[in-house]
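Please look through the sequence and the 3D structure shown here before reading on.

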Amino acid sequence: MVQTVKLVVLGDGGVGKTALTLRLALNYFGASLAPSRCEDSYRKHAIIDGQPYMLEILDTAGQEEYTALRDQWIREGEGFLIVYSTTSRASFDRVERFRHQVARVKDSDSVPVVLVGNKIDRVHEREVETRHGEELAKRLGCAFIETSAKTRVNLEEAYFMAVRMIEARKGGTAAKPVRQKTKKQRKCSIL
Amino acid sequence: MTLHDTTIDAAFSNTFLLCFRMFTTPLDLANLLWARFDLLKQWTAQKLTPVRLRIFNLFKTWVESYWQHHPDGEIVDGLLEWCAGRLKAAMPSASTRLADLAGKTLVPFSSLTTGSSSSSSSSSSAAIDAYSPSSAAASSAPPPVVTKSLVANLRPALSGRRSLLSSVTEIDALELARQLTIMESRVYCSIRADELLGAGNGGASSGSAKHVSESMRTPNVRKMSSLSTRLTGWITEVILGEQDQKRRTGLLKYFIKLGERLLHLANYNALFAVFTALNSSTISRLRKTWDGLAPKYRSTFETLRKATDHGRNYAEYRQKVRQAVPPCLPFVGLFLTDLIFVFEGNRAERPSPADSSLLLINFDRYHKMARIVGELQRFQSPYSLVEVPEMQAYLSQELEGLKRGQDAQSLYRQSLMIEPRQGGPASSSAASIISSQDSHRPRDIFNWRG
């Protein structure tokens, strides 16, 4: 049985959400793409740990200003990729807001979320160090990965991570509750 | 576009003039055209005149209909010089016309660098006046569903005071749908092509500074999304503001009816906002409120869900809009997503079919972007409706005066207050993450900070 998994890609405008999604779903880039004819461009067959999956990905690019719509997308998603650009500190600073919204709408802290630092191919433009991404992910109870949609580095891995988290959660080994992390965060801010 | 022996391909010209700024600069383009104008001296007179005419026409169309002062402003001086110099020598009357045109449309910009475009389409200015009760179109429009006492109750809003309305449900749902449509249609009709393309490809480049300038370059697109967000927030606030459960169910009914009327008006943009409010985590969790809803309204709600469904990349919604005949207001957000999709999903360049080592501009990408812009523009025509100024004032007041409409967390808290959780242990953890964010607030009714 192929299992369908709904993933939602969130993040600030311009961080490369569409590139991440399209480059995953389409392995090559020669074809001419038009959205109205691309009902399947947000679907991807994948074998993860020996299991077949159909990934359904909701790309929200372009509608960042429609903040009220996000609620609905989050409710429908099972796993989330919160994307920032490693070349934009501002996009990194907005990660937390997305994370909180996911927790609130899902009414749970243990929702599978992967924090994705994209655009690592732009080495010289980097504004967010890897360790800062790791620290934030830890604090927010997310998995963490850095990617490049352009060079396909960790592209599939980012999505597969989310699927594995969903599976782990089903199996009862849910991620550690964030409550502890929150306390930790307070300590840090005092220091 | 400037060959002597072909017919002009209007679609190509349109796409080119809309999109060339994505693959070249205005100055480079102008320089090439000016060079071509002169190159022709070596050619026969037979070719010379048509090619020069076409170059002249291209500049004329550019200035007339596709001008974007930022970044096109860089060619103004060169253009005026060219007009007075080489163009005048070759084609005196053409030179006068272009110089007149340039003087009219470009010079006002030089003193006032607002970055807005001069090419406001005639349809948009028509749309602004079309709704006034005294306009010619008003006579054929359906008369507004309002009573004298309702108008009297709303009148204070005209002078910035609170209306005397005790509940929004006193307004007929159809009329509210119409007035919202008028409000949105005005903004929709003023969206410019360059705004859309700016929003579409701006996303591809990074940088926060870019982000700021982007919001200034896309004022009407922003206005549209802000209207949608505020409408969603307002509906949420109104429902949550009602303490009595029965009356809350009544409000739910009212807004479902509003959604249905919007669907009939083919105002999908507002329909998305209404549905988003009703389907939000804040409202949809109010189980007792929903339980009071008659089956008839439930099935209407499902109709609204289907009409806005994003399954299979909005397949159903897209088909409806494709077949729609104006007037109609499509959901603007999807145009933005589609533009990014095309920009990201198609390469900027492609190898030449004759010589694969040679890279050509992938013009197909820009054709597709222009087509999306064209699809939005297809609906830039006014509805046949008459505005009720009192209601417009009331709506603006309500939408601008949101207390919590922008703050989802505080709305959610209010939702918890009017219908507390059923007490599942799993739910308490999420609250911790919420309260951690605004722990500066003294209020902690649910002891979330535990």
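B:His310 is buried, with a relative accessibility of 15%, where buried means under 20% relative accessible area, exposed means over 50%, and partly exposed lies in between (1.4 Å probe, protein chains only). This is a predicted model, in which local features need pLDDT of at least 70 and side-chain atom pairs count only at pLDDT 80 or more, while totals for chains, interfaces and linings use all residues. Residues are numbered from 1 along each chain as its sequence is written, chains are lettered from A and ligands numbered from 1 in the order in which they are written, and side-chain values use heavy atoms, with hydrogens and water left out.

**Around B:His310**

- B:His310 is found in the loop between helix H18 (295-307) and helix H19 (311-323) of chain B; helices (H or I, at least four residues) and strands (E, at least two) are DSSP runs, numbered from the N terminus.
- Apart from neighbours within four places in sequence, B:His310 is in contact with A:Leu58, A:Trp73 and A:Glu76, contact meaning heavy atoms within 4.5 Å.
- The side chains of B:His310 and A:Glu76 are joined by a polar contact of 2.6 Å, a term for a pair of N or O atoms within 3.5 Å, of which, within protein, one must be able to donate a hydrogen and the other to accept it, while residues adjacent in sequence count only if both atoms are side-chain atoms.

**Salt bridges**

- Side chains of opposite charge can pair when their charged atoms come close.
- Over all chains there are 32 salt bridges, each being a side-chain nitrogen of Lys or Arg within 4 Å of a carboxyl oxygen of Asp or Glu.
- A:Asp93 and A:Arg89 form a salt bridge whose closest N and O atoms are 3.4 Å apart, and because these residues are four apart in helix H3 (residues 89-93) of chain A, about one helical turn separates them.
- A:Asp93 is partly exposed at 46% relative accessibility, and A:Arg89 is partly exposed at 36%.
- B:Glu398 pairs with B:Arg162 in a salt bridge, with the closest N and O atoms 3.8 Å apart.
- That pair links distant parts of the chain, 236 residues apart, with B:Glu398 in helix H22 (residues 389-400) of chain B and B:Arg162 in the loop between helix H9 (148-154) and helix H10 (173-189) of chain B.
- B:Glu398 is buried at 15% relative accessible area, whereas B:Arg162 is exposed at 60%.
- A:Asp49, A:Glu157 and A:Arg164 are connected in a network of salt bridges.

**Nonpolar cores**

- The largest nonpolar core has 146 residues, of which B:Phe59, B:Trp234 and B:Phe255 touch the most other members; such a core is a set of buried Ala, Val, Leu, Ile, Met, Phe, Trp, Tyr and Cys residues joined through side-chain atoms within 4.5 Å.
- Helix H15 (residues 268-278) of chain B gives the most to this core, namely nine residues.
- Because domain 1 (10-105) and domain 2 (178-435) of chain B both give residues to this core, the core lies between them, the domain bounds coming from an automatic or database domain assignment.
- A second, separate core of 27 residues includes A:Val5, A:Val15, A:Leu155 and A:Ile166.

**Cysteines**

- The count of disulfides over all chains is zero, a disulfide being a pair of cysteine sulfur atoms within 2.5 Å.
- A:Cys142 is buried at 13% relative accessibility, and B:Cys19 is buried at 0%.
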